[in-house]
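Please read these points with the model open beside you.

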Amino acid sequence: MATCALRGQLFPAGRAGAEALATRGIASPEGPERPGPLQDETLGVASVPSQWRAVQGIRGETKSCQTASIATTEASAQTWKHADAEVQTEAPEPVSVPSSVSWSDGPGLAAFLRRVEPMVTRELNKNWQSHAFDGFEVNWAEQQPTVTCLHTLGYPPAQAQGLHVTSVSWNTTGSVVGCAYGRLDDGDWSTLKSFVCAWNLDRRGLEPQQPSAVVEVPSAVMCLAFHPTQPAHVAGGLYSGEVLVWDLSRPEDPLLWRTGLTDDTHTDPVYQVLWLPELRHSQRFQVLSAAADGKVLLWQGGAGGRLRLSAGFALAVQQLPRNTKLKKPPRGETEVGTTAVAFSSFDPSLFVLGTEGGFLLKCSLAAAEAALTRMPSSVPLRAPAQFTFSPHGGPVYSVSCSPFHRNLFLSAGTDGQVHLYSMLQAPPLASLRLTHKYLFAVRWSPVRPLVFAAASGEGDVQLFDLQKSSQKPTVSVKQTQDERPVYCLEFNCQQTQLLAAGDAQGTVKVWRLSTEFTEQGPRETEDLDQLAAEVAT
Amino acid sequence: MVQPCEWSPAMESTGLHFNPGPTAYLYLLCDCRQAASPLRVSVASLAGIPIKSTMDNPTTTQYANLMHSFILKARSTVREIDPQNDLTFLRIRSKKNEIMVAPDKDYFLIVIQNPTE
């Protein structure tokens, strides 16, 4: 809209247009000379016609082109002379060394080796005969003589409801510890609300009674697992059989995925969830859930916040391998409830299942046999079991595969015993009676091959060092004063001196281990191999 | 009765032969010539190319890369303290094993030995 700029310079966009502008604009009675009282004026629309567009217009010409005619000729050919020959590859020469430089550099190399050999031989000889370093140990880190409790964390509303800590998990960076609340001594269906809490231990101003993230869950949470690469994603299995995945970095709506209540979901409490890398994309992960209805299911995050079943296994008593005598003869298609899962660190498709009946099964993700089950499922369920180990006296609550030896794993059951098994034989290599009450969790240490920790029903966390003594615990720390059980424990793989344990009082205690449990000695892996070998014979 | 470990490289047309003794060890022979042939100038040649090794490929390349800069640093340290001096032998002792390096203008020989306890 043109205002008092009429008086100023107007760039003539077109002669005709400028005149129209000038004539139309002088409609104001006062004129631009005097600054009259402020009035609203509407002036005409100033339009500037285009100069070039009128000139150009649309021009069209028609042209056509055509290729020259294609010349073709026909000719025929025929072979009149031929010869036979055979070709065969020679047997490959055995490659003995990874050499990236040809041997044409010979003479200098030979001279170098001849010059250097006596010196190196002398040093090697001196070394194995020397006592110079006997008993010489260097301490790089500050020595911690005893196991101390660093933090005592709890969530008061959950504790007020009398909830127990059913599972703890560390996240991938090792700075956040999450715990799941629920009840482990309820036999019947319950509708109590429960919580999943997470504390960030590296944050300054950590409040032990105020978690950094709290998620309300409609049913008791039985197990928890943080995502292996995403620091804020956590999967949990509920008492109702659902599996949920939360994103703790979104406090207003943490729920990412859920299984919902479809035909595929578990019908019994989910006792363990794990994250597994997908077969084809090893950067993406899927959730494995094991529940008391005998199914082990693999879920993938799908559209609409739903977890989609991608593969599944079902256990039936008839399909268990018969290499060990089981107590009851099977009748009908009885399901075998699974209570614990552990994957081997060396073979990603091999896993061990602990069951309610007390026996352990060696299973494989690649098993192809179909499962005998009447439960409907969108994905065909397979029978995974390949080998049965000797049973415990009661349900097995925890299995842990050694991160240092491909065949060893531990299992803990309600008979108060920890069994050390080898994948190769059915009876256990060693069995240790730790307590007269139940044992709820056992875990290998991620840094020392011979150390494991167990959570007992008498309220203490026991640490075993198989190098020192294989009969009694090296250290036993009391977590609860009134002997209420400790239900779960986890080592922190990033900050290897931390161990988190949750108990029936609803508190999670973070223990800092003494240096003897965190620093690996020189020959421990060999000692572990030796232990496995000598106990097996 | 402990026997001295025999270790004698015999240069034949196919390569070196080392006889292992009572202490377990591994060795790695590196070529560290850099300006000798301009065709071979690459990141790998600046780090020391392994010629022969008793370890698997990933461990070999890891040792070659890490030890090369360490050896050059050690050599420059010795020469800086006394320019007439030079590095003849390098030993790194750790909790689990001992790494011994015999350096030269063109080649390194790295031997890793498990000390007997």
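1. Accessible areas come from the Shrake-Rupley method with a 1.4 Å probe; for residues, only the protein chains shown count as cover. Chain B has 117 residues, of which 42% count as buried. Buried means under 20% relative accessible area, exposed over 50%, and partly exposed in between (1.4 Å probe, protein chains only).

2. Chain B, fold. Two helices and five strands make up its secondary structure. Their order along the sequence is β-α-β-α-β-β-β. Helices (H or I, at least four residues) and strands (E, at least two) are DSSP runs, numbered from the N terminus. Among contacts in chain B with a separation of 6 or more, 38% join residues 24 or more positions apart. A contact means heavy atoms within 4.5 Å.

3. Confidence. The model scores ipTM 0.70 and pTM 0.68. Chain B has a mean pLDDT of 71, with 64% of its residues at 70 or more; pLDDT is the predictor's confidence in each residue, from 0 to 100. Over residues 1-21 of chain B the pLDDT is below 50, yet this stretch has 47 contacts in the model beyond near neighbours in sequence. Residues 35-46 of chain B also stay under 50, with 10 contacts beyond four places in sequence. Where pLDDT is low, the predicted coordinates should not be read in detail.

4. A:Gln272. Is this residue buried or exposed? A:Gln272 is buried, because its relative accessible area is 15%. It sits in strand S10 (residues 270-277) of chain A. Leaving aside neighbours within four places in sequence, its contacts include A:Cys223, A:Leu288, A:Thr339 and A:Arg443. A:Ser289 is another contact of A:Gln272; the two are 17 residues apart in sequence and 5.8 Å apart in space, C-alpha to C-alpha. A polar atom of the A:Gln272 side chain lies 3.3 Å from the backbone nitrogen of A:Val341.

5. A:Val138. This residue lies in the loop between helix H3 (106-129) and strand S1 (148-154) of chain A. A:Val138 is partly exposed, because its relative accessible area is 47%. With A:Phe133, A:Phe136 and A:Trp140, A:Val138 makes a nonpolar surface patch of about 520 Å².

6. Conventions. Residues are numbered from 1 along each chain as its sequence is written, and chains are lettered from A in the order in which they are written. Local features need pLDDT of at least 70, side-chain atom pairs count only at pLDDT 80 or more, and side-chain values use heavy atoms, without hydrogens or water.

Conventions: Patches are made of residues with over 30% relative accessible area and no salt bridge: like charges are joined within 9 Å, nonpolar side chains (Val, Leu, Ile, Met, Phe, Trp, Tyr) within 5 Å. A salt bridge is a side-chain nitrogen of Lys or Arg within 4 Å of a carboxyl oxygen of Asp or Glu. A polar contact is a pair of N or O atoms within 3.5 Å; within protein, one must be able to donate a hydrogen and the other to accept it, and residues adjacent in sequence count only if both atoms are side-chain atoms.
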